[in-house]
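Hi there,

Here is the structure I promised to pass on. Have a look at it first, and then read on for my notes.

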Amino acid sequence: LKVTRDRFAAVAAGLAFAFSGEFWEQSVIAEVYTLNAFFIVSCCLLLLLWYEARSQRYLIAFAFVYALSLSNHNTMNLLGPLLLTFVFVVDQRPWQRWRLYATCLVVSLLPLSIYAYLPIRSLANPPVDWGNPETAQNFWEVVTRQQYAFGFTKNPRTLERFIVQTWEFSKLYAKEFTPWLCLLPLAGIWPLWRRNAFTCVALVVFYLYVVFGFIMLLNFDIDKESLWLNNVFWIPAYMMAAIFLGAGISWFTDMRLSRPVTIGLSAVAATIFALLPLASNYHKNDKSSYYFAHDFGMNVLNTLAPNAIYIPDADHATFPAIYLQAIEGVRQDVTIGNKYGYPEESLYAEMPAETRASFRKIPTDEDEAVIESWIIENSGRPVYFSRKKPVASSTNKRLVPQGLLYAVESGNTDEPKVDWWEKYNWHTLDEADTRGDLTAEFVLADYWFAQGRDHLLAGEKEKALEALNRSLAI
C-alpha cells in the first residue's frame with residue numbers, strides 16, 4: 001500500500017504472499033521463518049518511511065527492529081549490508097548526523113540483550129539444549145551457528161554449478177504463486193517505476209540480492225532434500241515478488257479507463273492473484289490429518305526395550321521422539337542419545353580423558369564410531385540405532401533388525417524376533433497423503449525399506465523387491 005497507493009494492489013500482494021507455497025508451509029509449523037519475514041518487511045517499511053519523511057524516529061525504530069531480528073534468525077546477517085547500503089545511499093553525508101547514528105547503535109544494543117536468555121535457559125537443562133551455551137565458547141558457537149559452518153565450504157563454487165543452482169531456484173520460484181502467475185511480477189515494475197523510480201530499484205535490488213546472495217552463500221546440492229531445506233531462505237525474495245505481483249494491478253490505473261471499469265478489473269485481478277495460489281497450495285499445507293511424524297515417533301519409541309538408549313541419525317528419526325517424550329510424557333525411561341547431530345556427551349562422560357581429548361568439538365564420523373562402540377560396551381543398557389552401521393565390539397555384538405530400528409545384540413542371527421509390523425499403528429501409509437512433505441516421505445521410505453529388508457531376510461524375494469522399489473520410488 002505504501003509503494004503503490006492502491007488498495008487492490010495491496011490486498012492482492014498480501015494474499016498472494018500469504019498463500020504462496022513456502023511461506024504458507026512455514027506458517028503451520030513451529031519455525032522461525034514467518035517471524036523472520038515479518039521482521040524483514042518491517043525493516044523495509046521503516047526504511048521507506050524514513051526515505052520519504054527523513055524523520056529520525058523511523059531510522060531509530062529501524063535500528064531497534066533490525067537488531068531484534070538478529071535474535072530470530074541469521075538470515076538478517078546477510079541482509080544487513082544491503083539495508084545499510086540503502087541508508088547511506090539515501091544519506092550520503094552520515095558524518096553530519098553522527099549523533100543520530102550513535103543513537104541508532106545504542107538503541108540496537110537493547111534487543112540484542114535477548115541473547116542473554118540462552119545461557120539462563122540452558123542452565124535449567126531443558127529437553128532440547130542446543131549447543132549447551134553456558135560457557136563463553138559454547139555461547140559464541142551457538143550464536144554464530146558454528147555447527148552449520150561446514151555447509152558453506154563443503155562444495156566447490158563454479159560458474160557451471162551456479163547456473164544449475166539458479167535454474168533450480170527458478171523452478172522453485174515458479175511453484176510459489178503457480179506457474180500461471182510467476183511472470184506477472186514483471187508487470188508491476190513499470191507502475192512502480194513511474195510512481196517512484198528509487199523505490200522500484202531498491203525493491204528489485206533487494207529481490208536480486210536475496211536470490212543470488214543465498215545461492216552463492218548456501219552453495220546447495222542439487223537434490224530433493226537440499227532444495228526442500230534451502231527453499232526457506234528465499235522467502236524474502238518471494239515477498240518482494242508478491243509486492244510486484246500486486247503492483248501489476250496498477251496497469252489498469254495507467255490505462256485511464258473509467259473508474260468503475262478500473263475498480264472492476266482491479267478487483268477481479270486481486271481475486272485471481274489470491275485464489276490461484278490458495279487453490280494450488282491448500283492441499284499441500286492442510287496439516288489437519290498429518291500424523292506421519294507422530295506415528296513414526298510412537299512406533300519407534302514402542303520398539304525400544306525398557307531403559308534403552310536410542311541413537312537416531314536424521315531429523316525425522318529424532319525430533320518426533322523428543323517431542324513425544326518431553327511434551328506428551330511418552331517413554332520417559334528412554335535416553336535419546338543423539339539430539340543435535342552428534343552423541344550426547346553425558347553418555348560417554350566416563351570414557352578415558354585421553355580418548356575424549358582426541359575428539360573434535362563436533363565429532364567426526366570416525367569419532368562417533370568410537371563413541372558409540374564405547375557406549376555399547378560400557379553403558380550396560382539396551383542400545384538401538386535408526387540406521388545400520390558397523391559396530392566395533394570386543395564381545396561379538398552386532399546390529400539386528402527390530403522393526404524400524406536396529407538393536408545391539410550378541411550372536412550371529414539377523415532374523416527379527418518379533419513381527420513389529422503387526423504391532424505398529426499408522427493413520428495412513430498412502431504415499432498420496434504425504435502431500436510433498438519431505439519428512440513424511442522419509443518416514444514412508446524408511447518403512448518400506450525396513451519391510452523389504454525383513455522380507456529379504458525371510459527369503460521372500462518378490463515381496464522384498466516390491467517393498468524396496470516402493471522405498472526407492474518415494
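Below are some notes on cores, helix packing and backbone angles.

Please keep in mind that this is a predicted model.

Let me start with the cores. The largest nonpolar core is made up of 75 residues. Within this core, Trp-50, Leu-59, Phe-177, Phe-206 and Trp-234 have the most contacts. The biggest contribution comes from helix α3, residues 33–53, which supplies 12 residues. As general background, nonpolar side chains in soluble globular proteins tend to be buried together.

Next, two helix pairs. Helix α3 packs with helix α11 (residues 197–218) at an angle of about 155 degrees, and their axes are 12 Å apart. Angles over 145 degrees count as roughly antiparallel, and α3 and α11 are therefore roughly antiparallel to each other. The crossing of α3 past α11 is right-handed. On the α3 side the contact uses Ile-40, Cys-44, Leu-48 and Tyr-51, while α11 brings Phe-198, Thr-199 and Phe-206. By type, the residues in this contact of α3 with α11 are six nonpolar, one polar and no charged.

The other pair is helix α16 (residues 292–303) with helix α17 (residues 315–326), whose axes come within 8 Å and cross at roughly 80 degrees. Because of that angle, α16 is roughly perpendicular to α17. From α16, the residues Ala-293, His-294, Phe-296, Gly-297, Met-298 and Leu-301 meet His-316, Ala-317, Pro-320, Ala-321 and Leu-324 of α17. Here the contact of α16 with α17 divides into eight nonpolar, three polar and no charged residues.

Finally, which residues have a positive phi without being glycine? One is Arg-5, with phi near 60 degrees. Arg-5 sits in the segment before α1 (7–18) and is partly exposed, at a relative accessible area of 47%. Another is Arg-435, where phi is about 55 degrees. You will find Arg-435 in the loop between α20 (420–423) and α21 (438–457).

Happy browsing, and do write back with any questions.

Best wishes

Key:
Residues are numbered from 1 along each chain as its sequence is written. This is a predicted model: local features need pLDDT of at least 70, side-chain atom pairs count only at pLDDT 80 or more; totals for chains, interfaces and linings use all residues. Side-chain values use heavy atoms; hydrogens and water are left out. A nonpolar core is a set of buried Ala, Val, Leu, Ile, Met, Phe, Trp, Tyr and Cys residues joined through side-chain atoms within 4.5 Å. Buried means under 20% relative accessible area, exposed over 50%, partly exposed in between (1.4 Å probe, protein chains only). Helices (H or I, at least four residues) and strands (E, at least two) are DSSP runs, numbered from the N terminus. Axes are lines fitted to C-alpha atoms, for helices over the stretch in contact, and angles run from 0 to 180 degrees between N-to-C directions. Angles under 35 degrees count as roughly parallel, over 145 as roughly antiparallel, 65 to 115 as roughly perpendicular and the rest as oblique. Contact means heavy atoms within 4.5 Å. Ala, Val, Leu, Ile, Met, Phe, Trp, Tyr, Cys and Pro count as nonpolar, Asp, Glu, Lys and Arg as charged, and the others, Gly among them, as polar. A crossing is left-handed if the near helix is turned anticlockwise from the far one by less than a right angle, and right-handed if clockwise.
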